Amino acid sequence: QLPLAESGGGQVQAGGSLRLSCVGSEDMFSISAMGWFRQAPGKEREFVAGITADSDEPRYADSVRGRFTISRENAEKTVYLQMNSLELDDTAMYYCARYGDRYFGLIAAWGQGTQVTVSS
C-alpha cells in the first residue's frame with residue numbers, strides 16, 4: 001500500500017476548477033504537516049501549498065494564493081487541494097507530500113503524483 005495516493009487530476013479549460021485529493025495510509029498522517037508540490041516539464045519541483053497537522057497556518061506559493069485552498073480531514077487521512085481559476089501555467093504533475101513534523105520541515109514521504117492539464 002502506497003503511503004500517499006493522489007487523485008483528482010485531469011484536463012480542464014482555463015478558468016475552470018479541480019479538486020485534488022491525497023489519501024494517506026500511515027498512522028503518522030494526522031500528526032504531520034502536509035503539502036502539495038508540482039513539477040512542470042523541464043522545470044524543478046516547486047511548493048504549491050502546505051498545512052500544519054492542526055490545520056492552522058496554511059501556506060501558499062505566491063502564484064496560487066487566492067486561487068487554491070488546501071484543507072485536510074485527519075479522521076479520513078486525506079488532504080485536499082481545491083484549485084479555482086486555473087491558468088495554463090498551472091499545468092504540471094501535482095505531488096502530495098508528508099512532512100516529518102507537525103510543522104513544515106523536511107519531507108518524509110511523497111506520493112506518485114496526479115497530472116493536471118489546463119488548456120485554452
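In this predicted model, strands S1 and S3 run antiparallel and are joined by four bridges.

The structure has one disulfide, formed by Cys22 and Cys96, with sulfur atoms 2.1 Å apart. The pair links distant parts of the chain, 74 residues apart: Cys22 sits in strand S3 (residues 18–24) and Cys96 in strand S9 (residues 92–99). The link of Cys22 and Cys96 is left-handed, with -80 degrees about the S-S bond. Are these cysteines buried or exposed? Cys22 has 0% relative accessibility and therefore counts as buried; Cys96, with a relative accessible area of 0%, is buried too.

Charged side chains provide further links. Side chains of opposite charge can pair when their charged atoms come close, and the structure holds eight salt bridges. One of them joins Arg38 to Asp90, with the closest N and O atoms 2.9 Å apart. Because Arg38 lies in strand S4 (residues 34–39) and Asp90 in the loop between strand S8 (78–83) and S9, this pair ties together parts that are 52 residues apart in sequence. Both partners are shielded: Arg38 is buried at 5% relative accessibility, and Asp90 is buried at 1%.

Arg67 forms a salt bridge with Asp90, the closest N and O atoms being 2.8 Å apart. Arg67 lies in the loop between S6 and S7, so its pairing with Asp90, in the loop between S8 and S9, ties together parts 23 residues apart in sequence. Like Asp90, Arg67 is buried. Which residues make up the network of salt bridges? Arg38, Glu46, Arg67, Glu87 and Asp90 are linked in this way.

A further salt bridge pairs Asp54 with Arg102, whose closest N and O atoms are 2.7 Å apart. Asp54 lies in the loop between strand S5 (46–51) and strand S6 (59–60), while Arg102 lies in the loop between S9 and strand S10 (107–110), 48 residues apart. Here Asp54 is partly exposed, at 49% relative accessibility, and Arg102 is partly exposed, at 33%.

Key. Residues are numbered from 1 along each chain as its sequence is written. This is a predicted model: local features need pLDDT of at least 70, side-chain atom pairs count only at pLDDT 80 or more; totals for chains, interfaces and linings use all residues. Side-chain values use heavy atoms; hydrogens and water are left out. A disulfide is a pair of cysteine sulfur atoms within 2.5 Å. Helices (H or I, at least four residues) and strands (E, at least two) are DSSP runs, numbered from the N terminus. Buried means under 20% relative accessible area, exposed over 50%, partly exposed in between (1.4 Å probe, protein chains only). Two strands pair if DSSP finds at least two bridges between them. A salt bridge is a side-chain nitrogen of Lys or Arg within 4 Å of a carboxyl oxygen of Asp or Glu.
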